[in-house]
Amino acid sequence: MPQLTQSRFIDTLSGQISRPVPIWMMRQAGRHLPEYLELRAQAKDFLDFCYSPSMAAEATLQPIRRYGMDAAILFADILLILDVLGLDVKFEKGVGPIVQKVETADDLKTVTIEKAVQRLSPVYETVDRVRGSLDSDKALIGFCGAPWTVALYAIEGRGGTDKSQARIWAYQKPDTLQDLLNVLIEASAHYLKAQVDAGANALMIFESWAEGLPSNLMDSLVIGPNARLVARLRELGVTVPVIGFPRGGATKLPDYVKSVPINGVGLDTAVDPAFVNETLPKDIAVQGHLDPLLLIAGGKMMEDRVVEILEAYRDRPHVFNLGHGVTPQASIANVERVVQIIREWS
Ligand code: CP3
């Protein structure tokens, strides 16, 4: 089985400046690729796809074959953890994920964490297959959703809301909310450990719904729980690099980086590179933050922005990525052009 031997991506997360700058893209596997759509049509539904190691492994590898990215991200979803914890999770075409709502943390305790993590064994099988097929210079990233983001789906039943129900919980029953977050921290730590045991070389924690939180809730719901999750991972003996992605963290980004013991931080589209350079320590790797819509628009605007980001992070460890995921409308030619610019820039 080809293990990872030399990886610019891992070197960068370890604090080195690498050339060419390593690149991968969030949601690089997915609906902008015709080969993905073809594969997707064979699955009964999205959950079935995620739980089929042969299909999920193939989807993970597709963008590596097509673009030669430096890292593959496991094909799965942040909501699988809620499915195995016993909630009804559905992915509806044109709507997105719909999750059965919880009333208390007990609703997430009907299945033991051990049992839930065991139910995710098809995912570990996917990791094993992908690692076995990747070249020795391509890293495999495992991931989970951050506790708050996953809890939000369980409280509100879907994502992309103004988070008002979950915020009211945070004010009216803070202990219940922390109890819920703690279940997710424990389950996610074991889930990530199992991904690493199966062959993942790095981990990413997606806090996709941090945007708009008051600063005190950013502390108690985002920064604290992310810090506890990473600490728990380390306690379980996981040593691989971890990337945190507090999307929409805004001016709390420096606090997040200071308090969560991560190796790299994902930057969303809104964060100003100048703010990053002024406020984040030099040794932390940064990953981001090209607007995914530029992959639709293309042209000089896209090319100039790519170079602007490269120049801004010339003197620090930098992994090139987007500020959020590749959209279904993204053009393959534009993705190829971005990869080419990265490869040629030094
Ligand atoms: O290349 C990859 O990144 C593939 C693996 C992956 C998926 N989801 C596949 C997926 C990863 C890392 C995720 C993470 C994920 N899932 C996040 C965090 C990242 C982010 O985007 O903020 C979130 C919030 C989710 C929840 C989720 N899953 C949503 C909101 C949706 C619907 C969005 C949409 O574009 O339809 C999904 C479904 C989903 N997850 C798809 C894919 C490829 C589309 C479903 C399909 O192909 O039918």
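A contact here means heavy atoms within 4.5 Å, and in this predicted model residues 24 or more positions apart account for 74% of the protein's contacts with a separation of 6 or more. Local features need pLDDT of at least 70, side-chain atom pairs count only at pLDDT 80 or more, and totals for chains, interfaces and linings use all residues. Residues are numbered from 1 along each chain as its sequence is written, and side-chain values use heavy atoms, with hydrogens and water left out.

The secondary structure comprises 16 helices and 9 strands, taken as DSSP runs numbered from the N terminus (helices H or I, at least four residues; strands E, at least two). The radius of gyration, taken over C-alpha atoms, is 19 Å, close to the 20 Å that the globule rule (2.2 Å times the number of residues to the power 0.38) gives for 346 residues, so the protein is as compact as a globular protein of that length. Buried residues, with under 20% relative accessible area (1.4 Å probe, protein chains only), make up 58% of the 346 residues.

Rings of Phe, Tyr and Trp (its six-membered ring) pair if their centres lie within 6.5 Å, and the count comes to 8 aromatic pairs. The rings of Phe143 and Phe206 have centres 5.6 Å apart and planes at 90 degrees, so this pair is edge-to-face (over 60 degrees). Because Phe143 lies in strand E4 (residues 139-145) and Phe206 in strand E5 (residues 202-207), the pair ties together parts that are 63 residues apart in sequence. Phe143 counts as buried at 6% relative accessibility, as does Phe206 at 12%. Elsewhere, ring pairs link Tyr36, Phe46, Phe49, Phe75 and Phe91 into a cluster.

Note on methods:
Buried < 20%, exposed > 50% of the residue type's maximum accessible area, 1.4 Å probe, protein only. Phe/Tyr/Trp six-rings, centres within 6.5 Å; stacked < 30°, edge-to-face > 60°.
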